[in-house]
Amino acid sequence: MESGIPCLIGNTSDLFNENDEIMKYIVTKAEDNPIINSSIVIKCIENKKKIIELYKCWKEKYNIKAKESIEEFIKK
């Protein structure tokens, strides 16, 4: 998504757990089912701009948390 291309993730990833809105667009519950995934991919294509905007907002918050975690780790 960093390149501006929405991508699907499996439902075992916890990367976007705090963002239900982005998850509704990109999470697949059937990684091995092309019929189900084709509808999710179409939904991604139709909502590409919104997904990327959601991702960028998520990334800003995630980067802040990551930086705080690194700083906390270094202090120890």
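Three helices and two strands make up the chain. Starting at the N terminus, the order is β-α-β-α-α. Bear in mind that this is a predicted model.

Overall dimensions next. The C-alpha trace spans about 50 × 25 × 20 Å along its principal axes. What radius of gyration would a compact globule of 76 residues have, and what does the chain have? The globule would be near 11 Å, but the chain has 15 Å.

Here is one pair that shows the distances involved. Take Ser39 and Glu68. They sit 29 residues apart along the chain, and 38 Å separates their C-alpha atoms. Ser39 belongs to helix 2, which covers residues 34-46. Is Ser39 buried, partly exposed or exposed? Its relative accessibility is 44%, so Ser39 counts as partly exposed.

On to the interior. Of the 76 residues in the chain, 28% are buried. In soluble globular proteins, nonpolar side chains tend to be buried together. In this model, the largest nonpolar core has 13 residues. Which residues have the most contacts inside it? They are Met1, Phe16, Ile22, Ile26, Ile51 and Tyr55. Two elements give two or more residues to this core: helix 1, residues 20-26, and helix 3, residues 48-75. Helix 3 gives the most, with five residues.

Look at Phe16 in particular. Set aside its neighbours within four places in sequence. What does Phe16 still contact? The list is Met1, Ile9, Ile22, Met23, Ile26, Tyr55 and Trp58.

You'll find Asn19 in the loop between strand 1, residues 9-10, and helix 1. Why does Asn19 count as buried? Because its relative accessibility is 17%, and the cut-off for buried is under 20%. Not counting residues up to four places away in sequence, Asn19 touches Leu54 and Trp58.

The chain exposes about 5900 Å². Carbon and sulfur atoms supply 56% of that area.

To recap: 15 Å for the radius of gyration of the chain, and a largest nonpolar core of 13 residues, with five of them from helix 3. Over to you for questions.

Terms used. Residues are numbered from 1 along each chain as its sequence is written. This is a predicted model: local features need pLDDT of at least 70, side-chain atom pairs count only at pLDDT 80 or more; totals for chains, interfaces and linings use all residues. Side-chain values use heavy atoms; hydrogens and water are left out. Helices (H or I, at least four residues) and strands (E, at least two) are DSSP runs, numbered from the N terminus. The radius of gyration is taken over C-alpha atoms; the globule rule is 2.2 Å times the number of residues to the power 0.38. Buried means under 20% relative accessible area, exposed over 50%, partly exposed in between (1.4 Å probe, protein chains only). Accessible areas come from the Shrake-Rupley method with a 1.4 Å probe; for residues, only the protein chains shown count as cover. A nonpolar core is a set of buried Ala, Val, Leu, Ile, Met, Phe, Trp, Tyr and Cys residues joined through side-chain atoms within 4.5 Å. Contact means heavy atoms within 4.5 Å.
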